[in-house]
Amino acid sequence: MDKSYVGFYRLFNFIHVKRAFFVTRAKDNMAYQVEDSFEVDKDAGLISDQSIRLTGVKSSKLYSDNIKLVVYEDYATNNVYHFLTNNFELSSLTIAELYRERWKVELFFKWIKQHLHIKAFYGTTSNAVYCQIWIAICTYLLLANAKKNLNVKENLYIFSQTIGLTLFEREFIRDLFNYNINFKKQPDDNQLSLWKS
């Protein structure tokens, strides 16, 4: 989970005590003392793997057990990350990879919000959430496929907005984006022309 959600009371009582494990980022001002250090593969970007005990006034009371601190440098971005976990069995590289996978999930939901326009879920069960996401993804793919097949130059956002606005009109999709429409119609035989030829 993201470090903005770090609450040592919840981490200890709702996760650690229930025999589950977590991986999160440590806050910069976290006070702790090192209890033990373990060897790491420096070539993999690992800087340290330590067993620590929190020493902050509140945090030491809220989380009374040892916790694992993994320091990892991402060579692609040159960022250094501090990961906390209560799982001492997994390798430090696995802990870093788990957090990276969490970031991919977050990027996926960010993409969903931006492209699929899901602002809220209509149901709370896993089946309802899956159904809504799959319907939105199918709709997105149908629109992307139609845009490609019709050679529409507009971006996908404008394309989908236009389709949404004209959903119940009897108009060909290709004509909605045809800017070379000839607006001069032939005069009806029963009407006089307003313009002189």
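This is a predicted model: local features need pLDDT of at least 70, side-chain atom pairs count only at pLDDT 80 or more; totals for chains, interfaces and linings use all residues.

User: Which residues form a nonpolar patch on the surface?

Analyst: Residues are numbered from 1 along each chain as its sequence is written, and side-chain values use heavy atoms, with hydrogens and water left out. Patches are made of residues with over 30% relative accessible area and no salt bridge, joining like charges within 9 Å and nonpolar side chains (Val, Leu, Ile, Met, Phe, Trp, Tyr) within 5 Å. Together the members here have about 340 Å² of accessible area (Shrake-Rupley method, 1.4 Å probe, only the protein chains shown counting as cover for residues), and they are Val105, Phe108, Phe109 and Phe121.

User: Where is Phe108 found, and is it buried or partly exposed?

Analyst: Helices (H or I, at least four residues) and strands (E, at least two) are DSSP runs, numbered from the N terminus. Phe108 belongs to helix 3, which covers residues 92-116. Buried means under 20% relative accessible area, exposed over 50%, and partly exposed in between (1.4 Å probe, protein chains only). With a relative accessible area of 35%, Phe108 is partly exposed.

User: How do helix 3 and helix 4 pack, and are they parallel or oblique?

Analyst: Their axes, lines fitted to C-alpha atoms over the stretch in contact, are compared by angles from 0 to 180 degrees between N-to-C directions. Helix 3 and helix 4 (residues 126-149) have axes 11 Å apart and pack at an angle of about 60°. Under 35 degrees counts as roughly parallel, over 145 as roughly antiparallel, 65 to 115 as roughly perpendicular and the rest as oblique. So helix 3 is, relative to helix 4, oblique.

User: What order do the elements of the protein run in?

Analyst: There are six helices and five strands in the protein. Starting at the N terminus, the order is α-β-β-β-α-β-β-α-α-α-α.

User: What separates Arg100 and Glu97 in helix 3?

Analyst: The side chains of Arg100 and Glu97 meet in a salt bridge of 3.5 Å, N to O. Arg100 is partly exposed at 32% relative accessibility, and Glu97 is partly exposed with a relative accessible area of 31%. Since Arg100 and Glu97 are three residues apart in helix 3, what separates them is about one helical turn.

User: Is Ile52 buried or exposed?

Analyst: Ile52 is part of strand 3 (residues 46-54). The C-alpha atoms of Ile52 and Ser37 are separated by 8.7 Å, and these residues are 15 residues apart along the chain. At a relative accessible area of 0%, Ile52 is buried.

User: Where does Arg19 lie, and what is its relative accessible area?

Analyst: Arg19 is not a glycine, although it has a positive phi of about 65°. Arg19 lies in the loop between helix 1 (8-16) and strand 1 (23-25). Arg19 is exposed, and its relative accessible area is 82%.

Conventions. A salt bridge is a side-chain nitrogen of Lys or Arg within 4 Å of a carboxyl oxygen of Asp or Glu.
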